[in-house]
Amino acid sequence: MAPRSEKKEKPRARKISGGSAAERSAYFARREAARVLRSVLQGDARRRAAASIKSLVYSPSVRNKKATFALVCQTLKYLQVLKDVLAASNVLSAKWKMQAELIYVTAYDVLFGQKIGMTGAVEKHIMIHKHVLESTLLKFCANKGVKFIEELLLHNPSSVVAKPRYIRVNTLKMNTECAIRDLERITKVEKDEMVPDMLVLPGGTDLHKHPLVLDRSIFLQGKASSMVAVALSPKPGWKVLDACAAPGNKTTHLAALMKGKGQIIACEINERRIKHLEYAVKCSGAHNILFKSFFLLNQVIL
Ligand SMILES: C[S@@+](CC[C@H](N)C(=O)[O-])C[C@H]1O[C@@H](n2cnc3c(N)ncnc32)[C@H](O)[C@@H]1O
């Protein structure tokens, strides 16, 4: 493969005059994200382990680490959709191919992100084509018969992030049918076939700030983690020891399966994590949990 020409925009050399600090920061974050994305995709193409995104982002040369990390992850999540939309809209012509990664990151920002600091040549190019990109995206959704863009990710097996998002309903606070009705307002929801009270949402659904997550009516808990308490199948009235409890996903799951009856002894050695554990338990509506600061195998605590 011919080496890429290095005649690209040099983000650090370029002086961005005017604009707010937020605009300048967004401009640079896109360029830093594009460089990280290139390393990730090159590693992938050569079928060798790419450096982890975190290790690339946390190199000293990256200034705006948080924004860069978020942009890389989000662009990767939508990458196949972005590629398809750009190709169908003829936006990634030969002239722009050398900056393909910056085009992907910017297209992500324009279609799904914040659209700030749109001062660079690539930004202007994407903004000129914004309407055609948006209408192509809508056509894709219509053709696949999907209501939400996240669902397109499920139709894309090659998508980097095709894994679904699992949710465990905290039945101490809410029943599963109500949770489904609430979540269906924002995305597609299915019941998991194996784990009771577990819901499956399209990959990439971000619910971290959803009120049901914040008040612990639902937990963003993986399927494997949720199988543990189900496998134990504790009955109301049992006494159960959770030896490594924080942040409390399994502890609260046990409490729900025991319908709040019996006792769970939750051990956690890390003081900072104990606080998270106690907060999660308090919000979860479980009242039968006794906290211990650590668990020692040879210590009789029961
Ligand atoms: C992977 S996390 C547990 C996740 C948790 N079971 C859940 O489902 O949310 C492991 C936890 O065990 C704690 N831990 C490790 N050794 C411990 C010990 N001897 N006693 C109590 N907690 C310990 C760690 O501090 C950490 O918070």
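**Ligand shell, annotated site and a helix crossing**

Pro-247 lies in the loop that links β5 (239-242) to α12 (249-257); helices (H or I, at least four residues) and strands (E, at least two) are DSSP runs, numbered from the N terminus. The model is a predicted one, in which local features need pLDDT of at least 70, side-chain atom pairs count only at pLDDT 80 or more, and totals for chains, interfaces and linings use all residues. Residues are numbered from 1 along each chain as its sequence is written.

The chain contains 13 helices and seven strands. Of its 302 residues, 33% are buried, a residue being buried if 20 or more other C-beta atoms lie within 10 Å of its own, exposed if 12 or fewer, and partly exposed in between, with C-beta atoms placed from the backbone. Among contacts with a separation of 6 or more, 66% join residues 24 or more positions apart; two residues are in contact if their C-beta atoms, placed from the backbone, lie within 7 Å.

Pro-247 is partly exposed, because 18 other C-beta atoms lie within 10 Å. Beyond its neighbours within four places in sequence, Pro-247 contacts Arg-273, His-276, Leu-277 and Ala-280. Asn-249, in helix α12, is buried, because it has 21 C-beta neighbours inside 10 Å. With neighbours within four places in sequence again left aside, the contacts of Asn-249 are Phe-219, Gln-221 and Ser-225.

Both residues belong to the "binding site" listed in an unreviewed UniProt entry, which comprises Cys-244, Ala-245, Ala-246, Pro-247, Gly-248, Asn-249, Lys-250 and Glu-268. The UniProt positions are given in the numbering used here, feature names are shortened, and annotations may be inferred rather than shown by experiment. These residues span 25 residues in sequence, but no two of their C-alpha atoms are more than 12.8 Å apart, so they gather at one spot.

The ligand is surrounded by 15 residues, the closest being Cys-244, Asn-249, Lys-250, Ile-269 and Asn-270 (C-beta atom, placed from the backbone, within 6 Å of the molecule). This shell has eight nonpolar, four polar and three charged residues; Ala, Val, Leu, Ile, Met, Phe, Trp, Tyr, Cys and Pro count as nonpolar, Asp, Glu, Lys and Arg as charged, and the others, Gly among them, as polar.

The axes of helix α3 (residues 65-88) and helix α7 (residues 130-144) come within 9 Å and cross at roughly 115 degrees. Axes are lines fitted to C-alpha atoms, for helices over the stretch in contact, and angles run from 0 to 180 degrees between N-to-C directions. In this contact, Asp-84, Val-85 and Ala-88 of α3 meet Leu-133, Thr-136, Leu-137 and Phe-140 of α7. The residues of the contact comprise five nonpolar, one polar and one charged.
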